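Here are my notes on the model. Please read them with the structure open.

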Amino acid sequence: GSDLQLYRALPPYTEFLCICNPNAVSVRDAANIGTLLNKANRKGKIILNRYQRYFIKNPVFSTLDDIIDESGLMLLGIVPESERLSLAFLEGNYKIKGKAKKAFKRIALRLCGRNIPLPKLKKI
């Protein structure tokens, strides 16, 4: 209804980013967004947030491809779960280090048009 009209009203070059946690509820919401974007003839990308390998090895999603296929969105990046990252933001410390920082940098470079491959899932 109104969401579809809103998406159609935006310029066709508008980039839609969906941030999604790897759980059934979040992926279902991403799939709803993907469906609306498809109906509005718009493209969207998904960032998988708070990724942990054990989220994927469950009865709902056995692989990362299952999440991407369910959402209908193109994968832009994967941000690993990071207790350090959560604490840093709570403390107002934005000088993060580690795998999460590398994931944000890869995503930013992709948004700027660079062709940056995804690392192996074991290294995320």
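1. **Helix angles, terms first.** Angles under 35 degrees count as roughly parallel, over 145 as roughly antiparallel, 65 to 115 as roughly perpendicular, and the rest as oblique. Axes are lines fitted to C-alpha atoms, for helices over the stretch in contact, and angles run from 0 to 180 degrees between N-to-C directions.

2. **Basis.** This is a predicted model: local features need pLDDT of at least 70, side-chain atom pairs count only at pLDDT 80 or more, and totals for chains, interfaces and linings use all residues. Residues are numbered from 1 along each chain as its sequence is written, and side-chain values use heavy atoms, with hydrogens and water left out.

3. **Overall layout.** The chain has 6 helices and 3 strands. Helices (H or I, at least four residues) and strands (E, at least two) are DSSP runs, numbered from the N terminus. Along the sequence the pattern reads α-β-α-β-α-α-β-α-α. The C-alpha trace spans about 40 × 35 × 30 Å along its principal axes.

4. Of the 124 residues of the chain, 35% count as buried. Buried means under 20% relative accessible area, exposed over 50%, and partly exposed in between (1.4 Å probe, protein chains only). Residues 24 or more positions apart account for 73% of them.

5. **Helix 2 against helix 4.** The axes of helix 2 (residues 24–39) and helix 4 (residues 64–71) come within 7 Å and cross at roughly 40 degrees. The two helices are therefore oblique to each other. Which residues meet here, in helix 2 and in helix 4? Helix 2 brings Val27, Ala30, Ala31 and Gly34; helix 4 brings Ile67, Glu70 and Ser71.

6. **Salt bridges.** The structure holds 2 salt bridges. The criterion is a side-chain nitrogen of Lys or Arg within 4 Å of a carboxyl oxygen of Asp or Glu.

7. **Lysine 45 with glutamate 15.** These side chains meet in a salt bridge at 3.6 Å, N to O. Lysine 45 lies in strand 2 (residues 44–51) and glutamate 15 in the loop between helix 1 (2–9) and strand 1 (16–20), so the pair ties together parts that are 30 residues apart in sequence. Lysine 45 counts as partly exposed, at 22% relative accessibility. Glutamate 15 is also partly exposed, at 46%.

8. **Arginine 50 with glutamate 81.** This salt bridge is 2.8 Å, N to O. The pair links distant parts of the chain, 31 residues apart: arginine 50 is in strand 2, and glutamate 81 is in the loop between strand 3 (74–80) and helix 5 (83–91). Arginine 50 is partly exposed, with a relative accessible area of 42%. Glutamate 81 is partly exposed, with 25%.

9. **Arginine 110.** Please look at this residue in helix 6. Arginine 110 is buried yet has no salt bridge. How far away is the nearest side chain of opposite charge? That side chain is glutamate 15, 11 Å away. Lys and Arg count as positive and Asp and Glu as negative; His and the chain ends are not counted. The arginine 110 side chain does reach the backbone oxygen of proline 117, at 3.3 Å. Leaving aside neighbours within four places in sequence, arginine 110 is in contact with Leu76, Gly77, Ile116, Pro117 and Leu118.

10. **Lysine 123.** This residue sits in the segment after helix 6 (99–111). Lysine 123 counts as exposed, at 61% relative accessibility. Lysine 123 and lysine 99 are 24 residues apart in sequence, and 8.2 Å apart in space, C-alpha to C-alpha.

Methods: A polar contact is a pair of N or O atoms within 3.5 Å; within protein, one must be able to donate a hydrogen and the other to accept it, and residues adjacent in sequence count only if both atoms are side-chain atoms. Contact means heavy atoms within 4.5 Å.
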